[in-house]
Amino acid sequence: MKYIFLLAVVTILFNHADAQIFKKQIKRAHSQLDNIKIDEHFSIENLDTVYNILHDHYGLNIVYDTAYCNSLFFSYWYMATAAPLAIEITTRNNDLSYTIDSTNTIYVKARHVHNIKKKPLPNTREEKNNSALSSLNFTLYGHVVDDSTNESLAGVYVTVKGTSISAISGTDGSFTLNNVPNDTASLSVSYMGYMPADIYLTPNISKTNFMIGLHQAEHILDEATVLANRVDLMRLSGKTISTIKLSPEKLEQIPNVGEKDIMRTFQLMPGISAANESSSGLYVRGGTPDQNLVMYDGFTVYQVDHLYGFFSAFNANAVKEVELYKGGFDAKYGGRLSSVTDITGKEGSTKQFNLGGDVSLLSANIFTEIPITENLSLVAAARRSWNGPIYNWIFNSFNKSSGSSNATGASGQGPGGADNTTKAKSYFYDLNTRLTFKPTKKDVLTYSMFSGGDDLNNSFTVNTPSFLASMGISLNFGTTDVTNYGNVGMSMGWRRTWNKKMTSNTVLSYSNFYSDRNRVTNGSFGELGSTTTTKTGIFEHNNLKDISLRTDHEWLLTKWNHIGFGAFCTHYDIKYTYSQNDSSLLLNSHNTSDLVGGYLQDKFIFFNDKVSITAGMRFSYFGLTAKTYTEPRVALDYDITRKLSFKAAYGEYYQFANRITREDISAGSSEFWVLSDGKTVPVSSATHYIAGLSYETNSYLFGVEGYYKTLNNIVQYTERYSATTSTINYTQNFYTGSGYSQGVEFMAQKKIRKFTGWVSYTLSKTMNHFPVYSAQDFPADNDVRNEFKIVSMYKMNHWDFAATWIYASGKPYTAPGGGYTITLLDGTKENYVTITSKNTLRLPDYHRMDVSVNYHFYNEAKKDVGYVGLSLFNVYARQNVWYKEFTIVSGHVVETNVDYLSFTPNLTLSLKLR
Amino acid sequence: MKKIIAFFIATLWIYGCKKEASLPEYNTDPVITSYLIPGNTISLQLSHQESTTSTQYSAPSLDSLNITITSKDTIYHLVPKGNGLYTDTSLVITAGNKYSLQFTYNGKVVTASTVIPAKPVNYAQSATSIAITQITSSSSSSIGMPGGGPVDPIKLTWSNSDESYYVVVVQNMETNLVPINDTITVVDSSRIFRNSPTTGTSYNINTRDFTYYGYHRLILFHINADYASLYNNNSSSSQNLSTPSTGITNGVGIFTGINSDTLFLHVDKQ
């Protein structure tokens, strides 16, 4: 409680200081329009509606052709975007241009249509507009640079004085001024952080390459610049229920251990469990990570963990944006019960080469953007861990279970007197590549490749005694425990804008998840040259291949009726074998199946855009069960007022590929994917009911959402309840159950200015019912009743400060009701524990504070080109319990806590060219 | 309005803070240990489960139970010998027979049954002796390589047409243990080693597996699946805790038939 109080006080103090600074900023802002921040989510709206909303919500005066703009459609998610940039974005791909006059009136017109009829909004002055737009003379092409470095400056405002003719320089500093009235006019040039300049044209100037040099202002980083360039780290969607968007660009603000991490950052949002240091997968609203569909540029990723789950498999430097649907997602997505994480890779610049990288105490990371031609770009990023001090620290913390020896591994122990040691020789790596080709204005072709994996080596080796080493003798035996797992995925995409009403996106993808584990006793010693060496131990191999073709289409039938439809086809090939030595194959599963289907959804918009209803249906035919599955979905959005909206959703969902956990504490549990066969592993299903309210202003967002989710035919695997008087049949060890999850999430977010962040609280309950464990419902392993999170970020010139605090009530665990010892045939005694009821006890509450500070470097063009950062994880060294171990000592069962990571500092250096 | 909000928050708080059950219930199922070996009379050991540190209990006595074994329609009443041990000298175990256990404890009927496996067939070894150079603190030859050359492992083979389970236990029979590695401390428990249960037909004993010189017996146990599963059910973590598999109803432990064959091997000093 004292932590909450402390944070509340700090928050209030920061807020107060922040408000004072902001008032000063407003006075210093160069442009009124720059200070208008647009926060809107437009999903297939016609441009007329978009401009009306911008006028109604933000007071923008926009002059445009109503009929023409009514035929153009637009989708974009603005996150505190400055008004001029917001307008510019609406003109992209629509063959429009715009100008802003001195009265802040914005004129939007078609580039190639000269005689459009203008229909001004009520606040605009038509007379002036007409005269401004008719002043056609010559076009001036120019370039703005820093006069000291000659480096191009992007985002510079160039205006013809006395007119509304203006332009903003592009990323390469170039600008185009249309309709310059005469060649003796004067230009006004302004840019944050630079001295404003008045430039007088002469008849002799180059009209095709007019160079403008700006001189830096004395102090760098005008605060207004910070304001104008602000990009939100995380936003909730105002229009789509249970949706979160994340911008990796600002990810380094969040404290991290070694790597800025997309999945870890999502875990700071309400409804997503944060108390899972051993899993990067998302536990969304009581769902397990395998119930969360993860798509990367269109292909499915089946494994998101690096290094025992402490890091996610996604390199933030290669990611443009991520959208997470916590539930109630529409008919476009399917195949998972709980949620969808849709990751889009960076496109890369077609104009400028860029190179950058990060080095931390855990890993090194390098990325590049290469403009190959004017319409072809390449992005490549690679990452690899190295055995720095943090790596070994984390490795040892998360590898506790692998070192214990017992009956299973008895033959792997070295001879008496020699020490067994485990040495971390493991590493993880990933590689991302994306090619983007735009052959025409209507077509975008992409090729994206992802390869990531872990090579974990927990081998036990026997130390060579010093006297033997001195004689040149080396011992080379012990237990080898090597696990390789990872993903290889690639996709080829074709996005086409057929016309103003129809767009399509078609993706051919391949995804391969592999996991190979060999935990063997190496008997090669003393038999050099012999080929008869016997391996004993565990051999586990899982290989999943997914080849998919999907096509999605959006058809804007009318202003109030938008249709989405598509089709998909996936071929699954999943193999799993598990054997305990060469001759004993315990589980052998190989399934292939096709999943084909399609979907159709229709969005209706009523009452002057205040109400929208999206209804859809998804159909799937699954080959292994030879059945058709239908999944109805419906979502409602009602804008009660301009700031207050109500949202609700209902949906049914099926899952055909399941990840099973094979529990084995002696050698480490492992997870594998199997296909549903309708018998041993049934097709699982879920139903979502969600409703929520949100109240959003330019500065703040308050949201509450409630959900109820039922789960049917969920599967768990355990070897403990097998019928044991006959030959063990391991395929009988799958057990089917059901469950439900319910909860309510609260969120308050401060979105703008120097101090930003959010506070969230989730109250939830996740129950399972598996008759094999208990006749009654019992709390699911991932049931967390209360989660409270505070994320606060403060930006001051070169400095970023951030602190996060997470509180989660303890997870359930199963405690023994007794224990006993059996003397085995070789005379050894083994301990066993028994239970009476499952998951009836709770681990201690989880809480943790992380803190970070970053110092940013800016180049002469005032662009952020890197930072050096210090992160402090678990700053007050809370001993959070991961799980408990039970042993029998002196006739009693004694429990021992195994803890998560304690206080861990990390340093990161990140640099990039631009 | 404020009252409504306060009530709402208070309700949430109470709901959120609701406690789960605080202690697990003590598991009173009895523990049974009984290996039924052909040619031997029956012996059955009963015990209570160990309590958790936080559990207080008083369980009924284990020494006054009416325990019966049924085989081929004959019922044998086991005689209590104290401390949970029960025997019957009239019942001699025979391979291939089925034996069923039954008694009532704490109001529950405890049952189990097992079939005695057949004696292993065609059990053979690739050599009856091997020579291993002793390792001393002044040793200069390669460990386990007498004469500097490689040594083949001892290969044990047997027939297994029905893919049933076997386990090999190797035991040093010497009274005075002479270690192969002279630098280690002699520990009596390390005179025995074994493989994991297998449904295969062979097992290779590598020279490095031996710790001591002298006579060893190589016991091949033909076991039932319930015994094999004991090697797979030894979880001690709260992450995956559940009652171990057992063929016993209303009880835990092992009630299983065993058969065996034995070979001998001499480990000589090179």
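**Cores and strands, talked through**

Biologist: Which residues have the most contacts inside the largest nonpolar core?

Modeller: In that core of 80 residues, they are A:I262, A:F266, A:I574, A:W673 and A:V674. Its largest share, six residues, comes from strand β46 (residues 799–808) of chain A. Mind you, this is a predicted model, where local features need pLDDT of at least 70, side-chain atom pairs count only at pLDDT 80 or more, and totals for chains, interfaces and linings use all residues. Residues are numbered from 1 along each chain as its sequence is written, with chains lettered from A and ligands numbered from 1 in the order in which they are written.

Biologist: What makes something a nonpolar core?

Modeller: It's a set of buried Ala, Val, Leu, Ile, Met, Phe, Trp, Tyr and Cys residues joined through C-beta atoms within 7 Å. Buried means 20 or more other C-beta atoms within 10 Å of a residue's own, with C-beta atoms placed from the backbone. Another core, of 60 residues, lies apart from the largest one, and B:L46 and B:Y123 are among its members.

Biologist: Why is β2(B) said to pair with strand β7 (residues 85–92) of chain B?

Modeller: Two strands pair if DSSP finds at least two bridges between them. These have five, in the antiparallel sense, so they count as paired. One of the bridges joins B:I42 to B:D88.

Biologist: And how do you know that β1(B) and β2(B) pair?

Modeller: Same test: they have three antiparallel bridges, so they pass. B:V31 has B:S47 as its bridge partner.

Conventions:
Buried ≥ 20, exposed ≤ 12 C-beta atoms within 10 Å, placed from the backbone. Helix = DSSP H or I, 4+ residues; strand = E, 2+ residues; numbered from the N terminus.
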